[in-house]
Amino acid sequence: MKCAEAITIFDTTLRDGEQMPDVTFSPNQKLELAIALQTLGIDVIEAGFAASSAEEFSAIELMAIQLKDTGICCLARALRQDIDIAAQAIRLAEHTRIHTFIATSDIHMQHKLKLEPQAVIDQAVSAVKHARNLCDEVQFSCEDASRSDFQFLCKIIEKAIDAGASIINIPDTVGYALPQEFGILVRGLIDSIPNADKATFSVHCHNDLGLATANSLAGIQSGARQVECTMNGLGERAGNAALEEIVMAIKTHSRQFPYATNIKTEHLVSCSKAVAAAANTQPQLNKAIVGKNAFRHESGIHQDGMLKHSQTYEIISPQSVGWAEHQLVMGKLSGRNALLNKMNKLNIILPSESDFDDYFHSVKRVAAEQQVCDNTLIRLSKKY
Ligand SMILES: [Zn+2]
């Protein structure tokens, strides 16, 4: 049997995710989360940006020493000094990667870097060459790639591959891309760059238009074989592409995405909870996969369907991502079947069958005003 082609899951919760306003992880929290991410099956963990502070350096070093089943990557600007610090921080890891980057869009080159395009290429090439001698593999990113000139991207990526980069990351840094266009960009680069076959292409999408997952999937369909993401979609502004969404989209649509990942999806919820606790930020209630409501059903029509066959209203099973089970929630739109099911679970027996109608309506009256928990159902049943 032919094995499915692998997609590398590159988690940047501890680097880009931590750039979310008001989120800071201590070195110990980073280590705990990194262990949870390793258990989840992440291929490469971007542990942080070592040159940013002494504490960050120590946290990355700690992870490099402790984690043996995942690659450890450190971010570095395309500067010799940053790269040296990154190399030092990850030197004890089993699999080491330096991720160096430089901006390639006109707006970033002119206003932020204040460099001519040729100077940007020269800086990128010398950074990649320097990093190449200091770690197992070098990843090069064109910051703001989705707003960069296509021919310029082709040129700088070709030079970066020649200089020794084996992973080329195409970020939609500001979440500007549309899925179809982003797919065309990735495909175009792979098809146009003469030495593209010597590198793995990667995508890194932000969620400013709510399209981070869609753009990441478009990148994969266009030939990217690494995807960068964060747990719970943590990240700057509207966040990064959510790991759990990408992984479950690939798994759910295995015909369109005939690729294997190493993610043990039954650990997604526990990993999400660990990240949420450390970040002190819960995912929104209706967040796909890991939100509290992702497998809760309130409407009577849906509850009735669920009781007859769970696939009527669920495309993945809650257990497959680590939830105990789906929940039928009693609300003002809930139906009789769901209430009967709840009564069975809670062992509520009314004195007479004829009491059920009255009980049902009293539950609905309460539900119109407030949340109905199991204790409320038990309390309301006591009056019969
Ligand atoms: Zn980013």
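Predicted model: local features only at pLDDT ≥ 70, side-chain atom pairs only at ≥ 80, totals over all residues.
**Notebook: zinc site, salt bridges, ring pairs**

I started at the metal: the zinc ion is coordinated by Asp-16 (OD), His-204 (NE2) and His-206 (NE2), at 2.0 to 2.2 Å. Donors here are N, O and S atoms within 2.8 Å of the metal (3.2 Å for Na, K and Ca), and sites may look incomplete, water not being among the atoms. Residues are numbered from 1 along each chain as its sequence is written, and side-chain values use heavy atoms, with hydrogens and water left out.

I wrote down its donor spacing along the chain as D-x187-H-x1-H. Asp-16 sits in the loop between strand S2 (8–11) and helix H1 (27–40), and His-206 in the loop between strand S8 (200–205) and helix H8 (212–221), so I have a link between distant parts of the chain, 190 residues apart. For the labels, helices (H or I, at least four residues) and strands (E, at least two) are DSSP runs, numbered from the N terminus. I looked up burial too: Asp-16 and His-206 are both buried. Buried means under 20% relative accessible area, exposed over 50%, and partly exposed in between (1.4 Å probe, protein chains only).

**Salt bridges**

I get 18 salt bridges in the structure, each defined as a side-chain nitrogen of Lys or Arg within 4 Å of a carboxyl oxygen of Asp or Glu. Asp-16 turns up again: it is linked with Arg-15 and Glu-46 in a network of salt bridges.

Next I checked Lys-68 and Glu-94, whose side chains meet in a salt bridge at 3.8 Å, N to O. Lys-68 is in the loop between helix H2 (54–66) and strand S4 (71–77), Glu-94 in the loop between helix H3 (80–90) and strand S5 (96–103), and the two are 26 residues apart. Both ends come out partly exposed: Lys-68 has a relative accessible area of 34%, and Glu-94 has 46%.

Asp-82 and Arg-77 make another bridge, with the closest N and O atoms 2.8 Å apart.

Then I went to Glu-143 and Lys-112, where the closest N and O atoms are 2.7 Å apart. Glu-143 lies in strand S6 (residues 137–143) and Lys-112 in helix H4 (residues 106–113), so this bridge ties together parts 31 residues apart in sequence. Glu-143 is buried at 16%, whereas Lys-112 is partly exposed at 44%.

**Aromatic pairs**

Rings of Phe, Tyr and Trp (its six-membered ring) pair if their centres lie within 6.5 Å; planes under 30 degrees apart count as stacked, over 60 as edge-to-face and the rest as tilted. By this rule I count 2 aromatic pairs.

Phe-356 and Phe-360 are stacked, because their ring centres are 6.2 Å apart and their planes stand at 20 degrees. I found both in helix H14 (residues 356–369), 4 residues apart, about one turn of the helix.

Tyr-359 lies in helix H14 and Tyr-384 in the segment after helix H15 (374–381), so parts 25 residues apart in sequence are tied together. Tyr-359 is buried with a relative accessible area of 0%, and Tyr-384 is partly exposed at 24%.
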